[in-house]
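Subject: Structure handover

Hello,

Here is the structure for you to look through. My notes come after it.

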Amino acid sequence: MKQLIMGNEAVARGALRAGLGFFAAYPITPASEIMHYLAEKEGEIEFVHAEDEIASIHMAIGASLAGLKAMTSTSGPGMSLKQEGIGLAQMMEVPLVVVDVQRVGPSTGMPTLPSQGDVLQAKHGSHGDYLALVFYPASVEECYRYTIEAFNAAEESRSPVILLLDGFLAHLSETVDLRRIRFSLKKRSLAPLGTGNRHFTGLLSKEGIPNTDDSQYYRQWYARVKNKMLSVADKYAFYEYWKNPQATTLLIAFGITARVIRPLKDRYAIFRPIRLFPVLAGPLKEIAAPYQRVVVVEMSDGQYAGEVQRVLQREVISLPVLGGEIHLQEIKEALNAI
Amino acid sequence: MQYKDFVKWSRWPTTWCGGCAIGIVFKQVIFSLERMGLAQNELTVVSGIGCSGRAAGYFNVDSVHVTHGRALPVAEGIKRGNPHLKVLVFSGDGDLVGIGGNHLIHTARRNVDLTVICINNQTYGMTGGQMAPTTLKGTKTLTSPHGNRYHPLNIQGLITSNHNYFYARSSAYHINHLQKVIREAFAWPGFAFIEVVAYCIENFGRRLGYRFGYEMLLKIKGIYKINRSPKERLKENELGVLIK
């Protein structure tokens, strides 16, 4: 049965389908519809309208430790506040899904026009070194599908997986038949609290015992966690590629920007990463090789272009679409001017 | 389980200084756990950051040591995730009342079924002895070298402003009272907050002229009196329990 569904609703329904047991959040446009949908499910799931963004992610961490699949959702200003909890979940290796529906920043910015300016915040917003798994859908159907995949990846990696959306995508309504979508579900990977004498801590620790002044051990620990994240990421290497043998330029875009530039596929090749981080280095290097130019079109001032350039080790042109508006004609003209 | 079984001996010795009050309180907690007959899989302990925040790791149960000020939301998530678990929050005044103050207001308002032990030593001990929201007016600390200009936060007033509450004040000296209060707090079907009047000798007391921890303990003995049937408010020098 086809239904008209909004991006945010698809995220909420995807989470429920993945086995969501706990949700906490704080109201923020353009993410609040996720919260509204799940508030209706109170009783079936544990739902908390928390006092703030920091509380909501920490509650989700607690609920995940206690045995429930947990999620929180927010937008850029809230994402900045949640970074503390994201770091804690990385250090304690707690499965969790964090949804960030991006809007123009910094600070309160342009409430609440869409943006893609949280890309680096999603990768590296919390302090210290860690690898984040970040997914970015581009349709309502994908909002559903990749919310489920985010939960699976969270269980497999035991980490806080980030699902990025933009205000356009979150408020986009499309007809979708959710029953048609095929997926597998990962079971809980962490034994719940109350089953032993384990110690979870934000400190560097060895089998639950803090080990905070051993540099050699830190290096071993970091190598293990990094390998873990990279090997799990390999299983979630989602992307889309429109090959174009006539083209000399490869466009890279994600989320709503990829939707907007799709009509350009007759003239350019287009690569759309769905797993934004870790950057899809393997496929990207191979795909970009034959093209003379690589252009990243994004609603930020080159945040992802810098990441792509780092991986490709060659010049990457940034085409920023700023200020919360996106027009195909403008992008076409900017491409012609390159 | 015997009280010794609630201690994670592999973590010994603790990080706490000789003469510190936190060890005294920790001991009263494990005595209480034995007396209540709790099993290992019935309890989890959550702490924030600070000297008191290290307590979670010394309990021989599943325990969580979280970011600064966030013990309460993590504990609430755990309780909602598994309502059968007894959840004990053991942390300090800087963590629970200072940086975690907003969570304290709202966890108490939601009346989440948690037992909270707040070691009030009136300072940030782990970071060297700075002024806390609980530091008395006039006290000299690293961040109030000319004397604290502000009055301390009224924790009793904050907790008892709610529709339902369990607020207790006890001390590191009055250990029988403290044990009794801990058992009552665990039995209370809602948010139970125990403010334990404690002290910090190394990074607070010494600057104020105390030489040993027990001098600070005797000071507490001299000031505080137990009120077994308080009316609406505990006076500044009273220990007791207020419930509604």
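This is a predicted model: local features need pLDDT of at least 70, side-chain atom pairs count only at pLDDT 80 or more; totals for chains, interfaces and linings use all residues.

Residues are numbered from 1 along each chain as its sequence is written, chains are lettered from A and ligands numbered from 1 in the order in which they are written, and side-chain values use heavy atoms, with hydrogens and water left out.

Empty space

Rolling a probe the size of a water molecule over the atoms shows where empty space is left. The search runs on a 1 Å grid over the protein atoms alone. A cavity is a set of points where a 1.4 Å probe fits but cannot get out. A pocket is an open set with protein on both sides within 12 Å along at least five of seven lines. Lining residues have an atom within 4 Å of a point. Points are joined across faces, edges and corners, and a volume is the space filled by probe spheres set on them.

The largest pocket has a volume of about 790 Å³. It is lined by 28 residues, and the closest to its centre are B:Q122, B:T134, B:L136, B:Y224 and B:E236. Three elements of chain B give two or more residues each: α5 (155–159), β8 (192–197) and α8 (213–223). Helices (H or I, at least four residues) and strands (E, at least two) are DSSP runs, numbered from the N terminus. The largest share, four residues, comes from α8(B). By class, the pocket lining has 15 nonpolar, eight polar and five charged residues. Here Ala, Val, Leu, Ile, Met, Phe, Trp, Tyr, Cys and Pro count as nonpolar, Asp, Glu, Lys and Arg as charged, and the others, Gly among them, as polar.

There is one cavity of 30 Å³ or more. The largest cavity holds about 40 Å³ of space. Its lining includes B:K79, B:D113 and B:F186.

Cover

I use buried for under 20% relative accessible area, exposed for over 50%, and partly exposed for in between (1.4 Å probe, protein chains only). Helix α2 (residues 71–81) of chain B is mostly covered, with ten of its eleven residues buried. B:K79 is among the buried ones. B:R80, at 23% relative accessibility, counts as partly exposed.

Charged pairs

Side chains of opposite charge can pair when their charged atoms come close. A salt bridge is a side-chain nitrogen of Lys or Arg within 4 Å of a carboxyl oxygen of Asp or Glu. Over all chains, the structure holds 25.

Which residue does B:R80 meet in a salt bridge? The partner is A:E46, at 3.1 Å, N to O. B:R80 lies in helix α2 of chain B and A:E46 in strand β3 (residues 46–49) of chain A, so the pair joins two chains. A:E46 is partly exposed, at 27% relative accessibility.

A:E53 pairs with A:K82, the closest N and O atoms being 2.9 Å apart. A:E53 sits in helix α3 (residues 53–66) and A:K82 in helix α4 (residues 76–92) of chain A, 29 residues apart. Both A:E53 and A:K82 are buried.

B:D62 bridges to A:R198, with 2.8 Å between the closest N and O atoms. B:D62 is buried, at 0% relative accessibility. A:R198 is partly exposed, at 25%.

Best wishes
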